[in-house]
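Colleague: I am new to this structure and would appreciate a short tour. Could we look at it together?

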Amino acid sequence: MEATKGGGVVKHILLAKFKDEIPQDQIDQLIQGYAKLVHLIEPMKAFHWGRDVSIENLHQDFTHVFESTFESVEGIAQYVSHPAHVEYANIFLGALDKVLVVDYKPMPVQL
């Protein structure tokens, strides 16, 4: 099995910088909307988020991190095309100044 296909936990990481004119209460609502997707889209198993707190100043202006967990790469494909995600993404992405998305399969380190 290829590392990019099939079962096994897959993490979907989204780094974001909201537009400067987006007020904090709207950002809070957008985050709540993102969190609700875990209850609407079956392949999405977990959702976590947080703000950048790094002291290294390597964040490249990204301020927020969103992490979703899926059971497979195919689950991410289902998520991306799900009507609830499509509707939400159109709103969410419009509020962002910068975005970066990475999907990966966590791999154990063999010592």
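Colleague: Which strands and helices do the buried residues of H1 pack against?

Modeller: This is a predicted model. In it, the buried residues of H1 pack against strands E1 (7-18), E2 (44-51) and E3 (64-72), and also against helix H2 (73-81) and helix H3 (83-94).

Colleague: Which residues of H1 are buried?

Modeller: They are Ile-27, Leu-30, Ile-31, Tyr-34 and Leu-37. These residues cover an arc of only 100 degrees around the axis, which puts them on the same side of H1.

Colleague: Why would residues three or four places apart point the same way?

Modeller: An α-helix has 3.6 residues a turn, so residues at that spacing point the same way.

Colleague: And which residues are exposed on the other side of H1?

Modeller: Gln-29, Gln-32, Lys-36, His-39 and Leu-40 are exposed there.

Colleague: What span should helix H1 have?

Modeller: H1 runs over residues 24-40, and at 1.5 Å a residue its 17 residues should span 24 Å. The end C-alpha atoms are 25 Å apart, which agrees.

Colleague: Turning to H2, which of its residues are buried?

Modeller: Gly-75, Ile-76 and Tyr-79 are the buried residues of H2. Seen down the helix axis, they fall within an arc of 100 degrees, so they line one face of H2. Their packing partners are E1, H1, E2, E3, H3 and strand E4 (96-104).

Colleague: A change of topic: how many aromatic pairs are there?

Modeller: The count comes to ten aromatic pairs, taking ring centres within 6.5 Å as the cut-off. One of them joins Phe-47 and Phe-66, whose ring centres are 6.2 Å apart with planes at 20 degrees, so the pair is stacked. Phe-47 lies in strand E2 and Phe-66 in strand E3, so this pair ties together parts that are 19 residues apart in sequence.

Colleague: Are Phe-47 and Phe-66 buried or exposed?

Modeller: Phe-47 is buried, with a relative accessible area of 13%. Phe-66 also counts as buried, at 0% relative accessibility.

Colleague: Which residues form the aromatic cluster?

Modeller: Phe-18, Tyr-34, Phe-47, Trp-49, Phe-66, Tyr-88 and Phe-92 form one aromatic cluster. Among them, Trp-49 is partly exposed, with a relative accessible area of 42%.

Colleague: Finally, what does the UniProt annotation cover?

Modeller: The unreviewed UniProt entry carries the annotation "domain: Stress-response A/B barrel" for residues 10-104. Over residues 10-104 the chain is 40% helix and 37% strand, and the end C-alpha atoms are 6 Å apart.

Methods:
Residues numbered from 1 in each chain as written. Predicted model: local features only at pLDDT ≥ 70, side-chain atom pairs only at ≥ 80, totals over all residues. Heavy atoms only, no water. Helix = DSSP H or I, 4+ residues; strand = E, 2+ residues; numbered from the N terminus. Expected span 1.5 Å × (residues − 1). Buried < 20%, exposed > 50% of the residue type's maximum accessible area, 1.4 Å probe, protein only. Arc of directions from axis to C-beta. Contact = heavy atoms within 4.5 Å. UniProt positions renumbered as here; feature names shortened; annotations may be inferred. Phe/Tyr/Trp six-rings, centres within 6.5 Å; stacked < 30°, edge-to-face > 60°.
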